[in-house]
Amino acid sequence: MQEQWAGTTATGYSAFSMVCLIIWLSLNNYIPKENVPIFFALLTAGGLAQILAGMIQLKRGLATPGNLLLTFGTLFMLGPALTFLLVGLKLASPTPLIGYVNIFLGVLMGLYIIPLLRAPLIPFLIGPLGFFVLSTLGLTEIGYVAFKPVASFLFAVSVIYGLYMVAVGLGEEVNIHLPVGKPLMPLKEPLKQ
């Protein structure tokens, strides 16, 4: 009997939404400095959720979402979690390196646009959204503060987008299909002989 694995869209996007909310709160100075050490715990939990979700997607044979979740579970969540820990222990300062890393992560999201062209429109949007969100955050962190309002707005949009994708994932598991659009580049059916 072959094992069947359920989809992990809801898990991956739940972690994504939570982290985007935390970053949005942080960018808008809604989080007191005493809360910063809690970032470590929340980012670690989000990272582990995305890593497990990514591994399950890979087990299901879904390379693009699996790799995306694994990459961002480690580099966008666990990496910053450890950074917050080191900063909290006064062993390091994240500036400006974390800004350059976020710009790099934005470029990675840009690369994911290529396979996401085969995905429906709404799931595809994670590529360009991630590119702009992470790039503007990185630019803000290396000192271009004019990008801060743009990054803040994009993180708010990302929270809403992520919650919608959680609903999409939960709906799929019970055969309720929320609108996600058509692929920008659908696969062509093979010619019949």
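Helices (H or I, at least four residues) and strands (E, at least two) are taken as DSSP runs and numbered from the N terminus. The model is predicted, so that local features require pLDDT of at least 70 and side-chain atom pairs count only at pLDDT 80 or more, whereas totals for chains, interfaces and linings use all residues. Residues are numbered from 1 along each chain as its sequence is written, and side-chain values use heavy atoms, with hydrogens and water left out.

The UniProt record (unreviewed entry) places the feature "transmembrane region" at residues 12–31, 37–56, 68–91, 97–117, 124–147 and 153–171; positions are given in the numbering used here, feature names are shortened, and such annotations may be inferred rather than shown by experiment. Of the span 124–147, 71% is helix and 0% strand, and its end C-alpha atoms lie 24 Å apart. For residues 97–117 the end C-alpha atoms are 31 Å apart, with 95% helix and 0% strand.

Two packed helices are described by the angle between their axes and the distance between the axes. The axes of α1 and helix α7 (residues 148–173) come within 8 Å and cross at roughly 160 degrees, the axes being lines fitted to C-alpha atoms, for helices over the stretch in contact, with angles from 0 to 180 degrees between N-to-C directions. Helix α1 is therefore roughly antiparallel to α7 (angles under 35 degrees count as roughly parallel, over 145 as roughly antiparallel, 65 to 115 as roughly perpendicular and the rest as oblique).

Six aromatic pairs are present in the structure. Rings of Phe, Tyr and Trp (its six-membered ring) pair if their centres lie within 6.5 Å; planes under 30 degrees apart count as stacked, over 60 as edge-to-face and the rest as tilted. Y13 and F16 form an edge-to-face pair, 5.9 Å centre to centre with 85 degrees between the planes. Both residues lie in helix α1 (residues 9–27), three residues apart, about one turn of the helix. Y13 and F16 are both buried (under 20% relative accessible area, with exposed over 50% and partly exposed in between; 1.4 Å probe, protein chains only). Together with Y161, Y13 and F16 form one aromatic cluster.

Backbone geometry was also examined. Most residues other than glycine have a negative phi, and most peptide bonds are trans. A cis peptide bond, with omega about 0 degrees, joins T95 and P96; P96 is placed in the loop between α3 (63–88) and α4 (97–116). N29, although not a glycine, has a positive phi of about 60 degrees and is found in the loop between α1 and α2 (36–59).
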